[in-house]
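The entries follow in the order in which I made them.

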Amino acid sequence: MKITDVKTYIVGNEWKNWVFTQVETDEGITGLGEATLNGFAKTTEAAIHELKRFVIGKDPFDVEQHSLKLFRDFYSDGGQIHGAALSGIEYACWDIMGKALNVPVYKLLGGKCHERLRVYANGWYRTARTPEGFYEQAKKVVAKGYTALKFDPFGSAWRVVDRKDFQLALEIIAAVREAVGPHTDILIEGHNRFSVHTALQFADAMKKYEPTWFEAPVPPQKISSMVEVAKRSPVPIACGEDYYCREQFSELLAHNAVHIIQLEPQYLGITAAKQICAMTHANNGVIAPHSAQGPLCSLVCAHLNTATPNFFIHEIFDDFNSDWTQQIISHPVEVKDGYIELSDRPGWGAELNIELAEQHPYNPGHFLPLFRDGWEKRLAVPEEA
């Protein structure tokens, strides 16, 4: 079997343009991939078409070699854009392999370690940034059967906050804890916002609400800053979604400070992601992959998590997206009583609805402006903004 072409499709979901790929072969089997990256849809699409020269005419089963060449042979380090483009192609190769062998991808990754995956809700707080708004929305989430939920209470904060905004963030955390009760996990999202000292002030102040983790409290570029916070914080620190190569995770894990690793398969490809899961396992850590892209990303993470012994918890946005998005791929993940179970359909078990995709074209205003007031509502950003 040989790869004959790589096609791309951009779907204009209102808060993030989703980038999908379809890899075609000379035997008629196609593979579905995703390469979504907040704010860089067109750029990532161009990168896919520049990278595909390395796989045209090649066997899709040689996925380890493809993963190496797509990253190494371009020679330039294209960061997350490079990683997303690589993943869009590499994901599709795994899909092709699964279809050709008539097995789900998780079987190719080592088989089923978990019968079902516990999930946490994200994207549920499309409301006013008030304790009352978060309280009401959190009540709805637990009523749907979720046993864990994540949220960013910090508004548009960056590095430092004034005393009033500091208190508001704590009041929101308190309101969510009150809404969900003592037995539901609450996960606090930091979105790389703070300086080390501000992050530690928040970590100390939120401890009494017993969050399961404080995620990405400081920017990821200086691993030493993340390590400092992790070693001094009374709340477990989770991070990793920004990294796009094995070496970054190796450095992070070497400090023995962060033990909840949120790798983003979308920036790594499954080949590298599986290796990073093993690296984390060897360092007594657990994985909770970042899954905040499109609906195929949710499926890909579910296959990876199913085949990973040190899996912790799975992120879900899908339940809180616009209704039409549930039809953009066939057989998206389904949450039942706070868990998902994978089928045994071959490959990813999903196909892109191209007709629906064409009804929702790319829009430059579709991205998540995390340092702008009101970003929580996940609305399209005006082009002139």
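**Entry 1: cysteines**

Is Cys277 buried or exposed? I was working with a predicted model, and there Cys277 is buried, with a relative accessible area of 2%.

I then asked which cysteine sulfur is closest to that of Cys277. The closest one belongs to Cys301, at 9.4 Å, which is too far for a bond. The cut-off I applied for a disulfide was a pair of cysteine sulfur atoms within 2.5 Å.

Cys93, accordingly, is in no disulfide; its nearest cysteine sulfur, that of Cys297, is 17 Å away. I also looked up the accessibility of Cys93 and noted a relative accessible area of 0%, so this residue is buried.

**Entry 2: a sheet**

I next examined an open sheet of 3 strands, for which I recorded the order β1-β2-β3 and antiparallel pairing. Which strands stand at the edges? They are β1 (3-13) and β3 (30-34); each has a single partner strand, so one side of each is left without a neighbour in the sheet. For the twist I noted an average of 20 degrees from one strand to the next.

I looked at one pairing in detail. Strand β2, residues 16-25, runs antiparallel to β3, and 5 bridges join the two. Within this pairing I located Phe20, which stands opposite Glu34 in β3.

**Entry 3: helices across the sheet**

I asked which strands helix α3 lies across. Helix α3, residues 79-101, lies across β1, β2 and β3, and I recorded its direction as about 145 degrees to β3. Helix α11, residues 295-306, lies across β2 and β3 and runs at about 100 degrees to β3.

**Entry 4: backbone angles**

Asn102 has a phi of about 60 degrees. I placed Asn102 in the loop between α3 and α4 (105-108).

Asn192 likewise is not a glycine and has a positive phi of about 60 degrees. I found Asn192 in the loop between β6 (185-189) and α7 (196-206).

How accessible is each of these residues? I noted that Asn102 is exposed, with a relative accessible area of 57%, whereas Asn192 counts as buried at 17% relative accessibility. The cut-offs behind these two words are over 50% for exposed and under 20% for buried.

Technical notes:
Residues numbered from 1 in each chain as written. Predicted model: local features only at pLDDT ≥ 70, side-chain atom pairs only at ≥ 80, totals over all residues. Heavy atoms only, no water. Pairing = 2+ DSSP bridges. Helix = DSSP H or I, 4+ residues; strand = E, 2+ residues; numbered from the N terminus. Axes fitted to C-alpha atoms, helices over the stretch in contact; angles between N-to-C directions. Contact = heavy atoms within 4.5 Å. Buried < 20%, exposed > 50% of the residue type's maximum accessible area, 1.4 Å probe, protein only.
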